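Subject: Structure handover, salt bridges

Hello,

Here is the structure I said I would pass on. My notes on its salt bridges follow below it.

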Amino acid sequence: MKIGLFFGSFNPIHIGHLIIANYMANYTDLQQVWLVVSPLNPLKKKSDLINIYDRLEMAKLATEDALNLRVSDIELKLPQPSYTIDTLTYLQEKYPEHEFSLIMGADNLASIKKWKNYELILRDYHIHIYPRPGYEIKEFKDHPSITITETPLMELSATFIRKAWKEGKSVQFLVPDKALKFMDSKNLYR
């Protein structure tokens, strides 16, 4: 099976994440998309990050009715911080019957040279790129491992949602209902 790995903090998961994941599972050659909830991205600050178990639960609640979407906690079982190449290697060994691809935004592609062993990622894995506001794909546009998709452009960010929620503004329709109820019940991000 062809599986796309969509890594992220999902802090919190929102409709932008789900639109991207759903697009990849239905409009590309991928048969399934796994949302890999990362405990800590080595290139991001930890300051606004709520605990991994709450982020996992929100992602599971948000995707429980989706046919081709799964949530993965694989990076909880691996050494921290999480490096994509290590996770890919582990998954390939654990599930040799699957073919894994990466799903990433144009912003991540622009910084891929900062990633651990990025050359191996480009050599050994296919990458599906979705557009991000303000990022034009230049350097790897013609790379044989890169597919640039026509995923709807998402200008929504988890940072925006956290800020709005903290200020008491409604984020209804931006965060899936079940995840929003979970956020509210645990008083997250406030």
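Is lysine 113 buried, partly exposed or exposed? Lysine 113 is partly exposed, at 47% relative accessibility. Please keep in mind that this is a predicted model.

The side chain of lysine 113 forms a salt bridge with that of glutamate 139, with an N to O distance of 2.5 Å. The two residues sit 26 apart, lysine 113 in the loop between H4 and helix H5 (118-124) and glutamate 139 in the loop between S5 and S6, and the pair links these distant parts of the chain. Glutamate 139 is exposed, its relative accessible area being 53%.

A second pair is arginine 132 and aspartate 107, whose closest N and O atoms are 3.5 Å apart. Aspartate 107 is buried, with a relative accessible area of 19%, just under the 20% cut-off. Arginine 132 is partly exposed at 24%.

Arginine 123 and aspartate 124 also meet through their side chains in a salt bridge, 2.7 Å from N to O. Here arginine 123 is exposed, at 60% relative accessibility, while aspartate 124 is partly exposed, at 41%.

Elsewhere, Glu64, Asp65 and Lys178 are joined in a network of salt bridges. The count for the model comes to twelve salt bridges, including those described above.

Regards

Note on methods
Residues are numbered from 1 along each chain as its sequence is written. This is a predicted model: local features need pLDDT of at least 70, side-chain atom pairs count only at pLDDT 80 or more; totals for chains, interfaces and linings use all residues. Side-chain values use heavy atoms; hydrogens and water are left out. A salt bridge is a side-chain nitrogen of Lys or Arg within 4 Å of a carboxyl oxygen of Asp or Glu. Buried means under 20% relative accessible area, exposed over 50%, partly exposed in between (1.4 Å probe, protein chains only). Helices (H or I, at least four residues) and strands (E, at least two) are DSSP runs, numbered from the N terminus.
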